[in-house]
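This report covers the ligand site and the aromatic contacts of the model shown below.

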Amino acid sequence: MKKSSSLNGLGKWAARLCGAAALIALAVPAAADTLSPTGRWTAYSRGAAQLPPMGWNSWNAFATDIDEEKLLASAQIIIDSGLAKKGFRYIDIDDGWWLRRNQPDGRMVIRTANFPSAAMPDGSTSFRPLTDRLHAMGFKAGIYSDVGRNSCGQIYGPDLPNQPQGSIAEREVGLYGHVDQDIKLYFADWGFDLIKVDGCGLRGLGETTEKVTSGRFRAFTPIVDSDSLGRTDVAAVRKLYTEVGDALARHNPDNDFIFSICIWGAADVRSWAKDLGSISRTSEDISPNWSRMLHNLDSTARRPLYAHPGSWNDPDMLFVGSGEFDTDHLTEARSHFSLWAIVNSPLMIGYDLRKAPKALMDIFGNERVIALNQDPAGNQAVLAFDSGDVSIFVKTLANGEKGVAILNRTSAPIEATLMAEHLKFLADADVDLTNLWSNERLRFKGQQKFKLAGRETLVFTARGTRRLADGIYLSEQPGSVNPAVDGVTVPEAEPLVHRALLPWQNTRATREPPRYGGWGGAQADSSPYGQQLTIGDKRFDTGLGVLANSRLEVRNAGYGRFTATVGVDVSARDRSQPVSFAVYGDGKLLTKTKPIKFGDAPVAVTADVRGVKLVELVARTPRPMRFSDPVVWGDAAFQR
Ligand code: GLA
């Protein structure tokens, strides 16, 4: 799909942003209050995404060329093949279902030529018969909209079939100005259980774009520029999505809904979606090729602390079955599926299952890999080794075992060594691996070499002797750590994401910039800027890295003691202010260090957390800082 990166009305818009910046500057002292402990877990917990949602979506299979028959055919195959029993539950309609917004009542009208069951005897349209049918089959049903006035298909794919018809107003099918009306219609009246809310209407319709000057669309002053956070009005985008989330809560009193935020990693969404939605896209659209798969994976890979039961990072839907993930590329297809599983991505099949050969159905149906994704502890895998050639992901499971994926990102065969240390297991005790594709078992001590074919991912569960015999490192339970305040004052793009060509742009630009905000955010087993956690000469291979002036909420599952070694990280640049580290239990101060300066020796912290449900870790400087320094909660752990 072609996407233009040009913005219009920029002068006016920049002036507005400067005004907003001035307000933010004035607001700094008040913002410091967010470091006060609340005693509450504040990450998003509305909705029904306790585990990453699984299902099927029409977009990767059919783009906008969709109809009821295609949808129901894949749904039936999901039942007949046993995939439904394995957890694939959501059947989602993407772009292409709408005919127009009726005038003047604003009621959305369904394209009954493609969805005949939506035609009501009185001439109106309703998806209720279709959602009733899906529910009777045991599924949940999903619908699609846009947070702006117009859809992605209208703005970026005018040649795609099934575009809305009629006057300008009739073609304004997005939620903007109709949030309450549409959400009520889709959920209370039509019975949907999920909505994916895209954001194309927030960009691409500036006053001077051809779409507006030609008289075909109403202008919408862009508030998103996917190439530039500096040209994006993050607060305005967040506000629009908040309104949708509030309407969803209003019209779903049973909480049985999923709010899928689709703003493609733009507008710094990787920082705030954990407070607002059930799943949130961390990147631009996936394409069925290896390089884009790596790009989308990377956009999620370094964000484990920003995903929790209730709210997950979404690197986009599966392309297993197509292009470089088709039956001629089963190594790549298995890699794609394994990686999505281990980073707790939603598992949404994007394939026309009517034509799926057994080899593909076997991939979707691998129960061991599905179980890795659906583990109840909800810990997104942490990168235990991170490079441009090989990545090793480790995910701590509810039973204390580990999931591990070793990814050969290159096209050539490669050798990789898995260390007991990567797993936080003792090096002198046996480690037992089970290969989740072949079911083969293997035992090693210390380290084990593997030969990986080009683009192969080896994925295992691992049993061993935990380094912390009677406790858990906080970086092993990222699903129970919420960076309520991560100290980032100005969103910056993360430079470590593989910069694949944008398919709709190729090299017709000067560069492919780092584009997804989140750089400097809280990290498990790494500094906020991707380096080893280090205080002076002391390096830590485990711990939490976060900027000063931050507050982390940590759920405590019955442990008695919190321990850590704290200080200012060697990567600090400002270094002008000391940092004090405080530990709170259910809102009450348990312990606090003296102010620690850059260069000071690491300080040991312990706190009695018996009976405490929520621990808060606050690192604070005496005065607010424009750009806070990185600090280390080294070896941070709960012990019995
Ligand atoms: C955007 C989204 C895709 C898909 C299309 C539909 O590109 O990111 O996932 O929904 O819109 O037009």
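## Ligand site

A polar side-chain atom of Arg281 is 3.1 Å from an oxygen atom of the ligand, a polar contact being a pair of N or O atoms within 3.5 Å. Lys196 places a polar side-chain atom 2.7 Å from a ligand oxygen, and for an N or O atom in the side chain of Asp285 the distance to a ligand oxygen is 2.5 Å. The protein buries 100% of the 310 Å² that the ligand exposes when taken alone (Shrake-Rupley method, 1.4 Å probe).

The ligand is surrounded by 15 residues, with Asp94, Asp95, Lys196, Asp198 and Asp285 the closest (a residue is near a molecule if one of its heavy atoms lies within 4 Å of it).

## Basis of the model

This is a predicted model, in which local features need pLDDT of at least 70 and side-chain atom pairs count only at pLDDT 80 or more, while totals for chains, interfaces and linings use all residues. Residues are numbered from 1 along each chain as its sequence is written, and side-chain values use heavy atoms, with hydrogens and water left out.

## Aromatic contacts

The structure holds 20 aromatic pairs (ring centres of Phe, Tyr or the six-membered ring of Trp within 6.5 Å; planes under 30 degrees apart are stacked, over 60 edge-to-face, the rest tilted). Phe581 and Trp633 form an edge-to-face pair because their ring centres are 5.2 Å apart and their planes lie at 80 degrees. Both Phe581 and Trp633 are buried (under 20% relative accessible area, with a 1.4 Å probe and protein chains only).

Terms used:
A polar contact is a pair of N or O atoms within 3.5 Å; within protein, one must be able to donate a hydrogen and the other to accept it, and residues adjacent in sequence count only if both atoms are side-chain atoms. Buried means under 20% relative accessible area, exposed over 50%, partly exposed in between (1.4 Å probe, protein chains only).
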